[in-house]
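Keep the model in view while reading.

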Amino acid sequence: MTIRHHLSDQLLLGYSSGQLPEAFNLVVAVHLSLCDDCKARLGAFDAVGGSLMDACDSVAMSDDSLAATLARLEGAVAPPPPRRGTKTLPAPLMDYVGHDLAAVKWRSLGMGVRQAVLRTDKGASARLLYIPAGQKVPDHGHRGTELTLVLQGAFRDETDRFGPGDVEIANEELSHQPIAEAGEDCICLAATDAPLRFSGLLPRIAQPFFGI
Amino acid sequence: MVATETGQTTCRDALAQEEWGALILRVRDTQDRDAFAALFRHFAPRIKGFLMKSGATATLAEECAQDVMATLWQKAHLFDPSRASAATWIFTIARNRRIDALRKSRRPEPEDLPWGPEAEPDQQEALELAQETERLSEAVALLPEKQRELIERAYFGDLSHSEIATETGLPLGTIKSRIRLALDRLRHSMS
């Protein structure tokens with residue numbers, strides 16, 4: 001897998017410092033599972049967090065805190081086995097959708113395009129998108145930020161081509177019409193922190209029902 | 001580096017990152033309670049300070065700091081000193097606990113890396129990373145006041161994600177390359 005479109009420094013710093021909404025954290029964690037370059041960049045930001053924490057004014061713990069913590073270790077359970085996913089379904093996404101993409105409960109958006117909304121905290125929403133090969137997604141703009149990560153297949157829009165593992169970071173300035181490439185059907189994980197802005201009348205009317 | 005009853009903190013504070021890392025490895029390999037106690041005395045009050053600066057009450061911060069240290073014990077087998085210093089690794093546990101406690105939301109984490117005895121961290125790599133981390137800490141301390149403040153506000157939870165600056169001015173190139181090499185070695189040893 002050759003990843004060409006990576007996470008921005010802004011996203012990595014937001015993930016490292018814990019400021020991103022859950023839906024964005026999910027996209028970041030999935031990309032990190034597939035990309036050692038970004039994992040190394042994140043490690044650098046985590047090191048900044050570590051040094052800030054280490055330089056923090058320490059606040060005394062209560063007298064019995066060490067004894068209390070040691071006592072808790074007595075009954076500590078064995079650590080869970082390592083979490084491992086697949087290329088199209090990395091472990092952090094499995095935690096949300098289960099072990100099989102085929103078992104996802106899709107809802108039709110028309111023209112063969114389907115989506116499944118994932119449960120995340122407020123602040124941003126996440127969903128899986130299923131776009132049949134060669135199919136267009138309705139032309140839309142963005143009020144906030146939209147992150148789209150390709151899990152399977154590929155899509156193209158006005159800016160570039162996006163294949164497995166690639167993340168497209170779209171903001172207010174980008175209005176685009178993604179088209180799934182011919183060949184394999186395209187499955188993406190998308191997250192947005194504001195409702196999308198559709199150009200066509202029909203998707204605009206349908207929007208509230210689909211929660212996008 | 002023997003701790004005395006009275007002057008234990010000054011003595012222990014002088015431990016370099018690589019030595020803290022060595023203590024975590026002792027926890028991992030032999031469930032060494034003395035090593036754990038030393039880590040606790042150094043890190044727990046800092047985790048508590050960090051969480052209070054991030055908006056937690058003293059009671060919540062105390063509770064979470066204990067949780068973080070207990071997690072260190074349970075997850076010591078995942079600590080890799082060639083990819084993260086002790087302080088870095090403990091920070092990530094504390095940050096996740098903070099998201100859990102203050103925001104009450106889930107924290108998606110990347111997949112665990114392939115791991116096994118053949119992927120045992122290289123000591124030289126671990127030492128170099130620890131030194132690089134210390135150099136980075138010095139650089140952070142020397143940043144212009146305004147810039148440092150902005151970065152602190154990001155990490156202490158005072159900025160929303162859209163307010164986070166894209167240009168941090170942090171010298172992250174070397175440490176990033178080092179972690180990248182460690183990841184390459186790990187992947188290579190597993191393939």
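In this predicted model, strand E1 of chain A (residues 107–110) runs antiparallel to strand E2 of chain A (residues 113–118), and 3 bridges join them. One contact to look up is A:Arg107, whose bridge partner in E2(A) is A:Gln115. The hairpin of E1(A) and E2(A) has 2 residues between the strands. Within that hairpin, A:Met111 takes a positive phi near 55°.

E2(A) also pairs with strand E3 of chain A (residues 125–131). These two strands are antiparallel too, joined by 5 bridges. The hairpin of E2(A) and E3(A) has 6 residues between the strands, and A:Gly123 in the turn has a positive phi of about 115°.

| Hairpin | Bridges | Residues between strands | Positive phi |
|---|---|---|---|
| E1(A) and E2(A) | 3 bridges | 2 residues | A:Met111, near 55° |
| E2(A) and E3(A) | 5 bridges | 6 residues | A:Gly123, about 115° |

The largest pocket holds about 1300 Å³ of space. Helices of both chains give two or more residues to its lining: H3 (36–54) and H5 (91–97) of chain A, with H4 (58–75), H5 (86–103) and H8 (173–190) of chain B. H5(B) supplies the largest share, 8 residues.

In total, 41 residues line the largest pocket. Nearest its centre lie B:Lys75, B:Leu78, B:Asn96, B:Glu109 and B:Asp112. What is the make-up of the lining by residue class? The lining has 18 nonpolar, 7 polar and 16 charged residues.

Methods: Residues numbered from 1 in each chain as written. Chains lettered and ligands numbered in written order. Predicted model: local features only at pLDDT ≥ 70, side-chain atom pairs only at ≥ 80, totals over all residues. Heavy atoms only, no water. Pairing = 2+ DSSP bridges. Helix = DSSP H or I, 4+ residues; strand = E, 2+ residues; numbered from the N terminus. 1 Å grid on protein atoms, 1.4 Å probe; cavity = no way out; pocket = protein on both sides within 12 Å on 5 of 7 lines; lining within 4 Å. Points joined across faces, edges and corners; volume = space filled by probe spheres on them. Nonpolar A, V, L, I, M, F, W, Y, C, P; charged D, E, K, R; others polar.
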